[in-house]
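Dear colleague,

Please look it over first and then read on.

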Amino acid sequence: MPPRPRPRPRPRLVDLSHEIEHGMVTYPGLPTPAIGDWLSRAASETRYAPGTTFQIGRIDLLANTGTYIDAPFHRYDGGKDVGDYPLEAVADLDGVVVRATERAARALDVDVFRRVAARGKAVLVHTGWDAHWRTERYGSGHPFITRAAAEHLVAAGVALVGIDSLNIDDASDGSRPAHTVLLGAGIPIVEHLCRLGDVPDTGFRFYAVPPRVKGMGSFPVRAFAVVRERQ
């Protein structure tokens, strides 16, 4: 009797998104989410049979909350919004992590990405800044990518760019060059990622899927990596 083939190990899922909680700060100065009941369990007791209760929640949420994706409409009037993204643009992407935790400066320039095989891939920039999440430190002095780096990634054929810091741009630069270049080329941006240290440099698939909401240039996502372990 021939031996049974060994079952393939299940892939490892790595959650790369921050949990959204009532009153939490994502970006200093922007409104925080208000999460609560529209219908509480106690109030629902009068609507259903004895012993049967339901909770219906309500959330007042700024689009730029937690881990979120940007679409061209975020930067450009008339650009495509998050509802326009086909699944192929935000799901099951071949991923590569660029390590920038030992950086010499805040600005991540072309040299950081020069050796990255970016064509058709989700390039995720691991700065380690997520260690400061939910602290005052997170809101200032974050690492970012330069205009030249963004232009290099576009020329290299990148499919999506993500980063685990406050902003892919220097927050003090009002022209927002990385957003301008990447979104101008129709390339999705995912900001406020986390736990990129738990993902290998290559050999994983990346997902950052927003709901199909019209008229929104940004929206929270459940970003995650699917890592297929070697046998």
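On a 1 Å grid over the protein atoms alone, a cavity is a set of points where a 1.4 Å probe fits but cannot get out, whereas a pocket is an open set with protein on both sides within 12 Å along at least five of seven lines, and lining residues have an atom within 4 Å of a point. Grid points are joined across faces, edges and corners, and a volume is the space filled by probe spheres set on the points.

This is a predicted model, in which local features need pLDDT of at least 70 and side-chain atom pairs count only at pLDDT 80 or more, while totals for chains, interfaces and linings use all residues. Residues are numbered from 1 along each chain as its sequence is written, and side-chain values use heavy atoms, with hydrogens and water left out.

The largest cavity holds about 40 Å³ of space, and its lining, which includes Met 24, Tyr 27, Pro 31 and Asn 64, has 7 nonpolar, 4 polar and no charged residues (Ala, Val, Leu, Ile, Met, Phe, Trp, Tyr, Cys and Pro count as nonpolar, Asp, Glu, Lys and Arg as charged, and the others, Gly among them, as polar).

The largest pocket has about 220 Å³ of space, and among the residues that line this pocket are Tyr 27, Asp 70, His 74, Arg 176 and Glu 191. Its lining divides into 4 nonpolar, 4 polar and 4 charged residues.

With best wishes
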